[in-house]
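Here is a friendly note to read alongside the model.

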Amino acid sequence: MKKNNFILNAKDLASYICYRYFKIYAKGKKEISPIKLQKSLYFLFAYWGGFVRKNNNNIDYVEEKINQSEYLFEDEFHAWVYGPVIPKIFGMYKNNEIDYKELNEDEVFNGTDNFVKETIDSLLDELFEIADFKLVSISHEDNCWKDHFDIFDNEHNEVIPRDEIVNEYALRETV
C-alpha cells in the first residue's frame with residue numbers, strides 16, 4: 001500500500017468538484033458555494049481514507065485489498081467555524097483562482113485507478129444533494145473537528161491531523 005503518497009492534488013480536485021457541480025449538477029446555471037466546496041473536499045477525504053483503512057485492516061470487510069493511499073490529497077484541514085476548511089483552497093476560490101469551466105478530467109485523474117474517480121463521482125452526487133448548512137452540521141458532529149475547534153480562539157486555525165480524520169471514519173459502522 002502507498003501509505004505516504006497522495007492520490008490527487010487538492011487544487012485539482014477542487015477544480016474538478018467545481019466543474020462537476022457547475023456542468024453536471026447545476027447544468028451551467030450556478031457555481032458551487034464555498035461551503036459546499038469545502039465540505040465536499042472534507043467528506044471526500046474522510047470517506048475515502050476511512051474506506052481504505054477499514055478495507056485494509058479488516059479481512060472480512062471486502063474481498064480485495066485496495067492498493068491506494070489512505071490520503072486523497074496532502075493539504076490539511078483547519079477547524080474553522082463552519083467546519084473543516086483547507087485555507088489555501090478557500091482563498092483561491094474566493095479570489096477566482098480555481099479555473100474549472102474548461103477542465104480536462106483526464107488531467108485531474110491522470111495516473112489514478114478508475115475506482116478513485118468512480119468513488120469520488122458517487123460521493124459528489126450525494127453531497128451535492130445536501131444543503132450547505134446541513135453539511136456544516138454533519139461536519140460539526142465529527143470528533144476530529146470538535147477536538148480542534150476552540151470557540152474562544154479568534155483565529156480558528158488549528159490543523160485537524162489527517163490521521164484523526166481517517167481513523168474516525170474507519171471506525172464507523174458504515175463508510
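1. Start with the cysteines. C18 is buried because its relative accessibility is 0%, and C144 is buried too, at 2%. Buried means under 20% relative accessible area, exposed over 50% and partly exposed in between, with a 1.4 Å probe and protein chains only. The whole structure has 0 disulfides, a disulfide being a pair of cysteine sulfur atoms within 2.5 Å.

2. A word on the model: it is predicted, so local features need pLDDT of at least 70 and side-chain atom pairs pLDDT 80 or more, while totals for chains, interfaces and linings use all residues. Residues are numbered from 1 along each chain as its sequence is written, and side-chain values use heavy atoms, leaving out hydrogens and water.

3. Now the rings. There are 21 aromatic pairs, meaning rings of Phe, Tyr and Trp (its six-membered ring) with centres within 6.5 Å; planes under 30 degrees apart are stacked, over 60 edge-to-face and the rest tilted. F45 and F77 are edge-to-face because their planes stand at 65 degrees, with centres 5.7 Å apart. F73 and F77 make a tilted pair, at 5.9 Å and 55 degrees. F73 is buried, at 0% relative accessible area, and F77 is buried at 1%.

4. One aromatic cluster takes in F6, Y42, F43, F45, Y47, Y71, F73, F77 and Y169.

5. Finally, look for charges over rings (NZ of Lys or CZ of Arg within 6 Å of the ring centre and within 35 degrees of the ring normal). The charged end of K101 is over F22, 4.8 Å from the ring centre. R162 lies over the face of Y71, at 5.8 Å.
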